[in-house]
Amino acid sequence: MTIPPRNPPTGELSWTLTHSVGVLGRVRATVRDALGGWGRPPDRADDVVQVVSELVGNVLRHTHGEAELTLSPTPDGVEIAVGDHARDLLVLQRPANGDGGYGLRLLDMLTTTWSVEQHEAGKHVRARIRR
């Protein structure tokens with residue numbers, strides 16, 4: 001993972017993330033830095049960080065490839081896109097339990113909208129969070 005500058009530009013930021021020790025912690029810190037650099041309210045940072053952590057964590061937990069993370073400021077909030085190279089669709093686990101199954105419920109609770117776009121090489125999950 002290449003860490004962007006501490007005060008990121010106002011535009012879209014992208015990272016390719018590999019399976020490595022501590023990657024989710026670095027992703028969380030980097031996302032917080034990006035949001036702060038964009039002047040986003042700190043009270044909304046937790047929701048964005050949680051959604052990014054869930055989406056990236058799922059890719060790294062359930063696939064063998066890299067996760068592609070894109071974070072984009074929008075006029076009314078933030079858009080998150082996480083891509084992978086697995087053809088498997090997201091599945092709502094019932095019942096959710098101590099081992100997981102809360103991811104899609106979390107997306108429903110914390111995001112304004114979210115969607116899955118399947119493509120030939122895998123999929124992208126996109127989520128928007130308003131300020």
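1. Let me start with a glycine. Just after helix 1, G39 takes a positive phi of about 75°. Keep in mind that everything here comes from a predicted model, so these are computed values throughout.

2. How far can you trust it? The average pLDDT for the protein is 83, and 82% of the residues score at least 70. The stretch to watch is residues 3–8, where pLDDT is below 50; the model still gives this stretch 9 contacts beyond near neighbours in sequence. Where pLDDT is low, the predicted coordinates should not be read in detail.

3. Back to helix 1, the element that G39 follows. The buried residues of helix 1 are V23, V27, T30, V31, A34 and L35. Looking down the axis of helix 1, you find these buried residues within an arc of 135°, so they line one face of the helix. What they pack against is strand 1, helix 2, strand 2 and strand 3.

4. Now the core. The largest nonpolar core holds 31 residues, and V31, V48, V52, L69, L71 and I80 are the ones with the most contacts inside it. At least two residues each come from strand 1 (13–17), helix 1 (23–37), helix 2 (42–62), strand 2 (67–74), strand 3 (77–84), helix 3 (103–110) and strand 5 (122–130). Helix 2 is the top contributor to this core, with 9 residues.

5. Leaving aside neighbours within four places in sequence, L69 touches L13, S14, W15, L17, V27, V31, V52, V56, I80, A81 and V82. Two of these, V27 and V31, are on the list of buried residues in helix 1.

6. Helix 3 has a buried set too: G103, L104, L106, L107 and L110. Seen down the axis of helix 3, they stay within an arc of 155°, so they line one face. D108 and M109, on the other side of helix 3, are exposed. The cover over the buried residues of helix 3 includes helix 2, strand 4 (113–119) and strand 5.

7. Setting aside neighbours within four places in sequence, the contacts of S72 are E12, W38, G77, V78 and E79.

8. The last one is T63, in the loop between helix 2 and strand 2. T63 also counts as buried, at 13% relative accessibility. A polar atom of the T63 side chain lies 2.6 Å from the backbone oxygen of V59. Beyond neighbours within four places in sequence, T63 is in contact with H19, N58, D84 and A86. For a view across the chain, look at T63 and H85: they are 22 residues apart along the chain, with 7.9 Å between their C-alpha atoms.

Key:
Residues numbered from 1 in each chain as written. Predicted model: local features only at pLDDT ≥ 70, side-chain atom pairs only at ≥ 80, totals over all residues. Heavy atoms only, no water. Core = buried A, V, L, I, M, F, W, Y, C linked by side-chain atoms within 4.5 Å. Buried < 20%, exposed > 50% of the residue type's maximum accessible area, 1.4 Å probe, protein only. Helix = DSSP H or I, 4+ residues; strand = E, 2+ residues; numbered from the N terminus. Contact = heavy atoms within 4.5 Å. pLDDT = per-residue confidence, 0-100. Arc of directions from axis to C-beta. Polar contact = N/O pair within 3.5 Å; in protein donor to acceptor, adjacent residues only side chain to side chain.
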